Amino acid sequence: MSSTVYHNPRCSTSRKTLDLLRSNGIEPNVVEYLKTPPSRVEIATLIADAGIDVRAGVRTRESLYNELNLAEASDDELLDAMAANPILIERPFVVTPKGTRLARPIESVNEIL
């Protein structure tokens, strides 16, 4: 099964998600999104395909979120901020032929395996 995980190796949830995929016999294309950031359009597509709102796709616990005063930001402003600062992208997103999920909780990935 062709799949992709938008991965941050420093994130335990991201590592556990990668392990889940591999334990199900899936060797995904691993995109270390901090090294190879997705475009604004790609971020918007991941969020829409995952069926979540833009704010759910943002790491609100990152200090940069507060530094940029994003609490009242519009969806467009949030997407711009994530494209310019990929550390703000919640992780990990997983894409398979069956759909896209933000692996929070990790078990949500089972729906697309």
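Guide: Leaving aside neighbours within four places in sequence, isoleucine 52 is in contact with Ile47, Gly57, Phe93 and Leu102, where contact means heavy atoms within 4.5 Å. The model is a predicted one, in which local features need pLDDT of at least 70 and side-chain atom pairs count only at pLDDT 80 or more, while totals for chains, interfaces and linings use all residues. Residues are numbered from 1 along each chain as its sequence is written, and side-chain values use heavy atoms, with hydrogens and water left out.

Isoleucine 52 lies in the loop between α2 and α3; helices are DSSP runs (H or I, at least four residues) numbered from the N terminus. Its relative accessibility is 27%, so isoleucine 52 counts as partly exposed; buried means under 20% relative accessible area, exposed over 50%, and partly exposed in between, with a 1.4 Å probe and protein chains only.

Ile47, one of the residues that isoleucine 52 contacts, belongs to helix α2, which spans residues 40–50 and packs against helix α4 (residues 75–84) at about 120 degrees, with the axes 9 Å apart. Axes are lines fitted to C-alpha atoms, for helices over the stretch in contact, and angles run from 0 to 180 degrees between N-to-C directions. The contact joins Arg40, Ile43, Ala44 and Ile47 of α2 to Asp76, Leu79, Asp80, Met82 and Ala83 of α4.

In α4, the buried residues are Leu78, Leu79, Ala81 and Met82. These residues cover an arc of only 160 degrees around the axis, and therefore lie on the same side of α4; the arc is that of the directions from the helix axis to the C-beta atoms. Their cover includes α2 and α3 (63–67).

Methods: Helices (H or I, at least four residues) and strands (E, at least two) are DSSP runs, numbered from the N terminus.
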